Amino acid sequence: GASWEQTVVDYLVANGFPFAERRVMGGTNDRGDIAGIPGVMLECKNEKRMDLAGYMGEVKTQTENAGAEIGVAVVKRRNHQAKDAYVVMTLEQFADMIR
């Protein structure tokens, strides 16, 4: 939800990404939840049950919509701070990122 998105933005701004901000809802061409990091699409998830396969489907579509090089799901870890959230991506994207 919006609260988790803002928590992620606040963490990113405090940790070297001063232009991170919540993206206005994109309608049918959703481009993710967080803007302000060039080439990166972030989709924030705060759900009771994780659906990694579903998240990756959304990430793929939204990364393409955003024209981003990297897309990830930032998944809230229950009873932990934002710094402990999970960042989920495909192995292919991870390999591209570290190459």
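User: Thanks! Let's start with Asp96: how exposed is it?

Analyst: Asp96 is partly exposed, at a relative accessible area of 43%. Buried here means under 20% relative accessible area, exposed means over 50%, and partly exposed is in between (1.4 Å probe, protein chains only). Keep in mind that this is a predicted model: local features need pLDDT of at least 70, side-chain atom pairs count only at pLDDT 80 or more, and totals for chains, interfaces and linings use all residues. Residues are numbered from 1 along each chain as its sequence is written, and side-chain values use heavy atoms, with hydrogens and water left out.

User: Good to know. Which side chain does Asp96 meet in a salt bridge?

Analyst: That would be Arg99, at 2.9 Å from N to O. A salt bridge is a side-chain nitrogen of Lys or Arg within 4 Å of a carboxyl oxygen of Asp or Glu. Arg99 counts as exposed, because its relative accessibility is 73%.

User: How many salt bridges does the structure hold?

Analyst: Six. Some share partners, and Glu43, Lys45 and Glu58 are joined that way into one network.

User: Are Glu43 and Lys45 buried or exposed?

Analyst: Glu43 counts as buried at 5% relative accessibility, and Lys45 counts as buried at 9%. Glu58 is partly exposed, at 29%.

User: Switching to H1, what span should it have?

Analyst: Helix H1 covers residues 2–14, and its 13 residues should span 18 Å at 1.5 Å a residue; the end C-alpha atoms are 18 Å apart, which agrees. The expected span is 1.5 Å times one less than the number of residues.

User: And which residues of H1 are buried?

Analyst: Trp4, Glu5, Val8, Val9 and Leu12. Seen down the axis of H1, they fall within an arc of 140 degrees, so they line one face of the helix. That arc is taken from the directions from the helix axis to the C-beta atoms.

User: What covers them, and what's on the face turned away?

Analyst: The cover includes strands S1 (21–22), S2 (34–35), S3 (40–45) and S4 (70–75). The face turned away from the buried side carries the exposed residues Ser3 and Ala14.

User: Last stop, H3. What is Gln93 in contact with?

Analyst: Gln93 lies in helix H3 (residues 91–98). Leaving aside neighbours within four places in sequence, Gln93 is in contact (heavy atoms within 4.5 Å) with Thr63, Glu69, Ile70 and Gly71. Gln93 counts as buried, at 15% relative accessibility.

User: What about Ile98, buried or exposed?

Analyst: Ile98, also found in helix H3, counts as exposed at 55% relative accessibility.

How values were computed: Helices (H or I, at least four residues) and strands (E, at least two) are DSSP runs, numbered from the N terminus.
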